[in-house]
Amino acid sequence: DWSSDVCSSDLEKLEIARILTSLPTIDPHPWQGLPVQEWVQRTSRSLKIQQMLCALFRVSTYANAPEQYSAGAALAQAQLALTTGVQYLDKGWKSMVDGLRACAENVGADIHTGQRILSVESGASAHEIRLADQTCVRARAVILAVGPSDAAALSPHTPTLANWAKTAMPIHA
């Protein structure tokens with residue numbers, strides 16, 4: 001019985017049962033912006049129950065940053081996970097990446113991997129990407145598979161990107 005491993009007292013078992021049965025009916029909207037950690041602490045005083053709720057949110061949101069992400073978003077995602085289940089990609093994320101790559105190549109995209117980018121300069125109708133070997137590539141659109149701060153550093157003359165990088169909050173999933 002999982003509850004005897006998680007909850008040591010009958011009161012804790014009753015409390016976790018009450019929380020889990022009420023979870024599908026909780027309106028997540030009032031909890032938007034409140035960190036998950038704070039919601040969990042308001043919901044139960046039991047450390048074991050708090051840990052269990054954090055584990056539930058971790059599994060249903062694919063993220064482990066309860067002090068950063070919104071309890072409203074986590075509640076909505078947990079409700080989806082509890083009602084419709086969690087879906088996983090057949091053959092993992094690599095199958096999705098391979099499929100995206102094939103689609104991009106089919107419409108004429110050039111994909112450059114394993115090359116360090118020195119800079120991305122944006123013009124009115126095209127972008128110029130300078131690679132570490134000093135090669136320049138021109139493109140109508142660019143996708144950089146890097147974090148916001150790295151993207152902003154590569155394209156220092158793009159204020160929108162710089163502003164986004166300043167406010168972006170990484171959550172590792």
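Reply: Glu128, Arg130 and Arg138 are linked in a network of salt bridges; a salt bridge here is a side-chain nitrogen of Lys or Arg within 4 Å of a carboxyl oxygen of Asp or Glu. This is a predicted model, in which local features need pLDDT of at least 70, side-chain atom pairs count only at pLDDT 80 or more, and totals for chains, interfaces and linings use all residues. Residues are numbered from 1 along each chain as its sequence is written, and side-chain values use heavy atoms, with hydrogens and water left out.

Strands (E, at least two residues) and helices (H or I, at least four) are DSSP runs, numbered from the N terminus. Glutamate 128 is partly exposed at 29% relative accessibility, while arginine 138 is exposed at 60%. For these words, buried means under 20% relative accessible area, exposed over 50%, and partly exposed in between (1.4 Å probe, protein chains only).

β2 pairs with β3 (residues 136-139) in the antiparallel sense over 4 bridges; two strands pair if DSSP finds at least two bridges between them. Histidine 127 stands opposite alanine 139 in β3. The hairpin of β2 and β3 has 4 residues between the strands, and glutamine 134 there takes a positive phi near 75 degrees. On β2 (residues 127-131), strand β1 (residues 117-122) also pairs in the antiparallel sense, over 5 bridges. Isoleucine 117 stands opposite leucine 131 in β2, and a hairpin of 4 residues joins β1 to β2.

Glutamate 38 forms one with arginine 42, the closest N and O atoms being 2.8 Å apart. Glutamate 38 is partly exposed at 33%, and arginine 42 is exposed at 55%. Aspartate 98 forms another with lysine 94, again with the closest N and O atoms 2.8 Å apart. Aspartate 98 is partly exposed, with a relative accessible area of 39%, whereas lysine 94 is exposed, at 57%.
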